[in-house]
Amino acid sequence: KQWYQRRVAITAGETARCDTFETDGSGWNLVRADNNDSLCLKCESGSYLADAVCKLCQKGNYSDVEGATECKTCLQGNYSDVEGATECKTCLQGNYFDVEGATE
């Protein structure tokens with residue numbers, strides 16, 4: 001499972017919102033709203049929201065927070081060799097990647 005989903009009933013004249021699930025509403029993204037309800041998604045760490053679905057971060061990237069709408073690129077000297085990474089790994093002693101987004 002890579003996401004959390006919530007539906008919110010919308011009464012007449014009310015604006016669709018996703019911020020009612022947590023005190024600060026952080027990470028929830030409105031992906032659809034119609035006359036009766038709204039659909040909100042919150043992607044887990046290691047994934048991001050794109051085109052109304054949660055997708056895993058690709059190798060060389062990571063997401064360390066829930067509710068991300070994009071993944072972060074691993075900085076120089078670090079890498080991510082798996083999809084869905086929540087952090088980048090530091091290069092082993094004696095090795096160094098001088099590019100961002102390294103995958104091995």
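What share of the contacts in the chain with a separation of 6 or more comes from residues 24 or more positions apart? The share is 38% in this predicted model.

View 1. Buried residues make up 34% of the 104 residues. The accessible surface comes to about 6700 Å², and carbon and sulfur atoms hold 44% of that area.

**View 2. C43 and C54 form a disulfide, S to S 2.1 Å.** Strand β3 (residues 37–43) holds C43 and strand β5 (residues 53–56) holds C54, so the bond ties together parts eleven residues apart in sequence. The link is left-handed, with -90 degrees about the S-S bond. C43 is buried at 1% relative accessibility; C54 is buried at 12%.

**View 3. S47 sits in strand β4 (residues 47–50).** A polar atom of the S47 side chain lies 2.6 Å from the backbone oxygen of E44. S47 is buried, at 1% relative accessibility.

**View 4. C57 and C71 are joined by a disulfide, with sulfur atoms 2.0 Å apart.** C57 lies in the loop between β5 and β6, and C71 in the loop between β6 and β7, so the pair ties together parts 14 residues apart in sequence. The torsion is about -85 degrees, so this disulfide is left-handed. C57 is buried at 0% relative accessibility.

View 5. C91 is buried at 12% relative accessibility.

Key: Residues are numbered from 1 along each chain as its sequence is written. This is a predicted model: local features need pLDDT of at least 70, side-chain atom pairs count only at pLDDT 80 or more; totals for chains, interfaces and linings use all residues. Side-chain values use heavy atoms; hydrogens and water are left out. Helices (H or I, at least four residues) and strands (E, at least two) are DSSP runs, numbered from the N terminus. Buried means under 20% relative accessible area, exposed over 50%, partly exposed in between (1.4 Å probe, protein chains only). A polar contact is a pair of N or O atoms within 3.5 Å; within protein, one must be able to donate a hydrogen and the other to accept it, and residues adjacent in sequence count only if both atoms are side-chain atoms. Contact means heavy atoms within 4.5 Å. Accessible areas come from the Shrake-Rupley method with a 1.4 Å probe; for residues, only the protein chains shown count as cover. A disulfide is a pair of cysteine sulfur atoms within 2.5 Å.
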